[in-house]
2 protein chains.
Amino acid sequence: MLGSGNVATHLSQALHKVGVKILQVFSPSLTHAQILAEKLGCSFTNQLKSLNLTADLYILSVTDDALPELIKNMPIKNSLVIHTSGSTSINIFDSVHTRYGIFYPLQTFSKEKEIDFKDIPICIEANSSDDALKLKTLGEKISDKVYLINSEKRKALHVAAVFASNFTNYFYLIANELLTDKKLSFDLIKPLINETALKILSKNPEEAQTGPAKRGDDQIISTHLDYLNSHPEYQKLYKFISSQIKQKFSKQ
Amino acid sequence: MLGSGNVATHLSQALHKVGVKILQVFSPSLTHAQILAEKLGCSFTNQLKSLNLTADLYILSVTDDALPELIKNMPIKNSLVIHTSGSTSINIFDSVHTRYGIFYPLQTFSKEKEIDFKDIPICIEANSSDDALKLKTLGEKISDKVYLINSEKRKALHVAAVFASNFTNYFYLIANELLTDKKLSFDLIKPLINETALKILSKNPEEAQTGPAKRGDDQIISTHLDYLNSHPEYQKLYKFISSQIKQKFSKQ
């Protein structure tokens, strides 16, 4: 396992749990490598030249920024090497490695929050059908939802995921800030947040849309924009998104 | 019950269920009034002059745009009149009615999706402590979470709710559109959406934030912006929100 961040940690623990032997953890930070290695009962290093060369599979689970350099500097070239990134094309391995692929778990991972992989979609791609099958079999050890998905589609998934997860969490953060301003507890809107997420299990998001912009309730929109005078960035966001929603639903 | 929209429908059904007698449904649309009245086993009208004058409580559950006119034209002036709006101040009743208040259920309501009120925060306000207590007692018949909250705080809650619910649902809608473009199923990101919402039950949104902007992964951000060339509105949103997230987390 090359990497020691959230994805590296959760994925290697999930694999370890179902009996997949992790031989070694590599991380530029020796401390981080050690912390993860201790959970997995394996060795660790921060030197690529000390990389264990006998593994069946090398999982590169680092930021996209760090991937090109790591791929180039790997001391092995003929073993199966994969990355776990949503947005990096499989082409990144071209002309450096001979066997390569992708193993992209579509989920948000945080430190110190355990997660059940069973329900996490895993998107697989490889430069040979043999290795695609190997990765699919590996994925199915931890998840019920393993799909073969090419780089172009995977990128669409990742962009969608940023909106549906990272940006929605940022809106929870804005909400929390607005409530804290008035000494109100964030707990007050937790039921709302959960119902909003649950609703799209049974309705598509167009049917599920509610709120002042959807109803074209300009009175409320203008009250809210006034309210946000002290938060110009949030005001700009509110205005922009409301006008998009209004436009979308007025067409229907 | 004056109104026949989502809030009016769900709220009157919840009250009806616990034995609160709804005497009559009023709606400008006679058909809508009738549909709801049939569920409640009560009379209905689309004429304010035919309003039942014997009720203990008149609940105005209409859009904020429609509230001022309705409040002015109510044929009763000395009974308890309340609205269910998040953003309309209690002052709207001033000098028209003598007993008035607010009963604001903080939740997203959709037609044809049943909802359990037990967990829904209800925000109460009234112009007398007697009536505040009456409304609190009424709220507690359907919910375990009834709070006295003034108009200013209620507005903060409503703005926060728009971000945490309406705008997040809009992002589910964008995600759905991006997936549909590539013939990918929306089901693929449902586990992600749910985990994102579940996560803030145990972590605050700052701790829960993940994604390229949080990590400052400019490589991915730029790939995603390129990908969104065919959706300039979403591209603008992506750029704006990512820069806000980057700024917020780079300060820490």
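User: Is the crossing of α9(B) and α10(B) left-handed or right-handed?

Analyst: This is a predicted model, in which local features need pLDDT of at least 70, side-chain atom pairs count only at pLDDT 80 or more, and totals for chains, interfaces and linings use all residues. Residues are numbered from 1 along each chain as its sequence is written, chains are lettered from A and ligands numbered from 1 in the order written, and side-chain values use heavy atoms without hydrogens and water. A crossing is called left-handed if the near helix is turned anticlockwise from the far one by less than a right angle, and right-handed if clockwise. For α9(B) and α10(B) the crossing is left-handed.

User: Which residues make the contact between α9(B) and α10(B)?

Analyst: Helices are DSSP runs of H or I with at least four residues, numbered from the N terminus, and contact means heavy atoms within 4.5 Å. On the α9(B) side the contact is made by B:Asp218, B:Ile221, B:His224 and B:Leu225, and on the α10(B) side by B:Gln235, B:Tyr238, B:Lys239, B:Ser242 and B:Lys246.

User: At roughly what angle do the axes of helix α5 of chain A and helix α5 of chain B cross?

Analyst: Axes are lines fitted to C-alpha atoms, for helices over the stretch in contact, with angles from 0 to 180 degrees between N-to-C directions. The two helices, residues 151–181 in chain A and residues 151–181 in chain B, have axes that come within 9 Å and cross at roughly 180°. That makes α5(A) roughly antiparallel to α5(B), a term for angles over 145 degrees. The crossing angle is roughly 180°.

User: How many charged residues does the contact of α5(A) with α5(B) have?

Analyst: Asp, Glu, Lys and Arg count as charged; Ala, Val, Leu, Ile, Met, Phe, Trp, Tyr, Cys and Pro count as nonpolar, and the others, Gly among them, as polar. The contact has 26 nonpolar and two polar residues, and the number of charged residues is no charged residues.

User: What area do chain A and chain B bury between them?

Analyst: In this interface 95 residues of chain A are in contact with 95 residues of chain B. Buried area is the accessible area (1.4 Å probe) lost on putting two parts together, summed over both. Carbon and sulfur atoms hold 68% of the total, which is about 9100 Å².

User: Which residue of chain B forms a salt bridge with A:Glu152?

Analyst: A salt bridge needs a side-chain nitrogen of Lys or Arg within 4 Å of a carboxyl oxygen of Asp or Glu, and the interface of chain A and chain B has four. One of the salt bridges in the model has its closest N and O atoms 3.1 Å apart, and pairs A:Glu152 with B:Lys182.

Definitions and conventions. Parallel < 35°, antiparallel > 145°, perpendicular 65-115°, else oblique.
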